[in-house]
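Me: I would like to learn how to read a strand and a nonpolar core in a structure such as this one. Could you take me through it step by step?

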Amino acid sequence: MHLGIDEPRECQYNQICTHNSSPMETPHSKKRKVKRKWQIFPGRNKFYCNGRIMMAKQTGVFYLTIVLILVTSGLFFAFDCPFLASNLTPAIPAIGGVLFLFVIGMLLRASFSDPGVLPRATPEEAADVERQIDAANGAGGPGYRPPPRTREVVINGQTVKLKYCFTCKIFRPPRASHCSLCDNCVERFDHHCPWVGNCVGKRNYRFFYLFILSLSFLTIFIFAFVITHVILRSNRTGFLSALKDSPASVLEVVVCFFSVWSIVGLSGFHTYLISSNQTTNEDIKGSWSTKRGKDNYNPYSYGNILTNCCAALCGPLPPSLIDRRGFVQPDTPQPAAQSNGTNTCPTTQLQSHMAAVTTPLLHAQPILLGGGPVLQPKPSVGGPCSALGPGQPSLPSSIPGLSCGGEVLALHDSENHCHHHLHHQHFISPEETPCAAHLGHHMPLYDPASQDSLHEDSVRGLVKLSSV
Amino acid sequence: CRPFKSISVFGCIKFIKYEVLALWQTHSLQDLRQQAAIASKVFVQRDYTSGTICKFQTKFPSELETRIEKQQFEETVQTLNNLYAEAEKLGGKSYLEGCLACLTAYTIFLCMETHYEKVLKKIAKYIQEQNEKVYAPLGLLLTDPIERGLRVVEITIFEDRSIGSR
């Protein structure tokens with residue numbers, strides 16, 4: 001033990017020397033650059049305004065939606081409203097204006113907010129779940145393929161199967177589903193809406209519903225008053241000259257005519273879903289339909305249409321679980337590609353010293369200095385793909401076919417659903433970018449600056465020790 | 001020389017123990033977690049038997065049997081469950097808040113916190129208080145479930161190193 005006393009003095013000086021004079025660490029400690037969590041987010045989302053706005057990767061159709069609404073409303077206010085305001089009542093443009101602002105507000109809110117994305121499991125959690133699954137499955141033979149990972153839970157008398165998500169490494173809560181386009185598990189997943197440019201889930205379902213409801217009112221409003229305008233004009237000057245005087249009306253009527261069928265139909269469909277407390281996903285799969293079984297019923301419904309509506313639209317708004325604007329903490333398990341070189345030497349010295357003195361305070365874990373999770377002795381590379389637990393092959397998360405069948409079904413489901421919308425087949429299959437390449441520009445994730453503060457604390461302790 | 005050195009070693013260890021306590025007060029619990037020896041983590045999973053509301057299983061994990069009393073653990077989890085139920089409660093107050101928010105086009109949340117956020121703050125305070133009073137003295141640390149996406153209550157077990165062992 002007395003050797004342990006002599007060693008720390010030398011070790012301590014070495015520690016300080018290597019720490020301060022290391023050329024690799026000094027520039028980093030001066031910079032102290034911390035990343036926000038959205039910058040290392042593993043899903044396939046786009047973030048704007050420093051993480052405040054969150055959208056899906058493909059936003060082309062969203063811009064089309066915005067353009068259609070702006071152009072049609074703009075034409076209405078510019079060409080039809082002056083006539084209607086002077087000949088009928090100025091309340092028409094006023095009401096139209098309020099409706100228009102509401103529609104745009106709800107659209108932006110639905111598009112820009114977090115739909116209820118579930119953050120992926122930390123490596124320790126994933127390992128724990130793996131252990132539980134292995135224990136549940138029992139030891140199979142070498143050629144034995146384990147059954148798909150499901151857990152059964154009884155909710156209000158109905159047996160519900162919870163599926164394991166291979167990408168997110170979690171057992172999905174009931175009603176959650178993995179969106180193949182955004183590559184996230186979303187709570188109370190309804191569908192992925194390309195018109196809105198985002199998934200529709202627990203947190204933004206009410207905004208989506210209010211958007212389509214108000215848009216159907218706006219469409220009907222514009223349609224009705226443009227027809228009124230043309231009729232009133234033709235009474236005065238004749239039909240053809242009326243059309244010549246306000247050519248924009250023709251365009252508006254055409255757009256509104258085609259929109260009304262789909263938007264009003266969609267509003268009606270979602271009103272039915274809300275009143276029975278189902279998601280689009282569940283309705284399309286027929287999860288709670290009586291065709292599946294006589295005793296099949298929806299366990300989430302409150303039994304009362306009014307309560308279901310109130311719960312969906314006026315219930316408490318849950319907070320975002322992904323904390324996109326938070327700062328990345330130094331102790332969160334991250335790959336540390338370059339941590340291997342400089343730190344292993346001081347680590348081993350420190351560890352041998354600690355073995356002598358036996359103190360929990362100064363014992364430096366590989367998790368800290370190595371930067372990798374406790375269960376993985378080797379630091380892993382490749383961005384947050386290292387969040388895939390130990391013992392798992394590194395699947396690029398963007399291959400839906402290999403994941404749970406439910407996810408592919410979600411893709412098909414949302415395709416079927418979007419036939420409700422005007423004919424388009426916008427999203428086909430997600431681009432299969434390998435995870436590392438996709439997030440390559442977010443490297444390096446290892447933050448030596450924050451590790452330095454840990455070093456400092458440890459060293460401070462060592463200094464105090466030596467002074468005793 | 002030898003007895004002197006062993007005495008000074010004991011003195012060091014005692015000093016270090018005080019250092020741990022001092023650090024506990026000056027640094028955040030998170031810093032301490034980084035610096036102390038992490039032995040293992042236990043995860044208390046969600047309980048979905050009542051639906052999709054946030055509720056955690058009160059089943060006592062076997063790894064904690066030697067560390068904490070079952071009743072104390074269950075009480076903590078039950079209080080957390082009650083707090084989350086309060087956050088998600090459907091009632092007159094939440095409907096009023098929802099309608100008011102809708103009428104103001106949700107701009108009201110720029111100045112006001114939602115009820116859920118208020119309760120989350122209460123939960124964070126409760127967890128910190130529990131950690132300070134009950135769990136830290138036993139060498140355990142509760143992690144706020146919101147940091148794990150409301151999936152699990154993570155309990156970190158710190159290894160209890162006695163003086164004699166190496």
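Me: Which residues point one way from strand 3 of chain B, and which the other way?

Reply: In this predicted model, B:Val152, B:Glu154, B:Thr156 and B:Phe158 point one way from strand 3 of chain B, while B:Val153, B:Ile155 and B:Ile157 point the other way, and all are buried. The strand, residues 152-158, is accordingly described as mostly covered, with 7 of its 7 residues buried.

Me: Which strand is joined to strand 3 of chain B, and by how many bridges?

Reply: Strand 2 of chain B, residues 140-143, runs antiparallel to strand 3 and is joined to it by 4 bridges; within strand 3, B:Ile155 is the residue that stands opposite B:Leu142.

Me: How should I read a nonpolar core, and which residues touch the most other members of the largest one?

Reply: In soluble globular proteins, nonpolar side chains tend to be buried together. Here the largest nonpolar core holds 44 residues, of which A:Ile69, A:Phe76, A:Phe208 and A:Phe211 touch the most other members. Among the elements of chain A that give two or more residues to this core are strand 2 (53-56), helix 3 (60-87) and helix 6 (205-237), and helix 6 of chain A supplies the largest share, 12 residues.

Me: What does A:Phe211 touch?

Reply: Leaving aside residues up to four places away in sequence, A:Phe211 touches A:Thr65, A:Ile69, A:Val103, A:Met106, A:Leu107 and A:Val196. A second, separate core of 36 residues includes A:Cys165 and A:Leu321 together with B:Val134 and B:Val153.

Technical notes: Residues numbered from 1 in each chain as written. Chains lettered and ligands numbered in written order. Predicted model: local features only at pLDDT ≥ 70, side-chain atom pairs only at ≥ 80, totals over all residues. Heavy atoms only, no water. Core = buried A, V, L, I, M, F, W, Y, C linked by side-chain atoms within 4.5 Å. Buried < 20%, exposed > 50% of the residue type's maximum accessible area, 1.4 Å probe, protein only. Contact = heavy atoms within 4.5 Å. Pairing = 2+ DSSP bridges.
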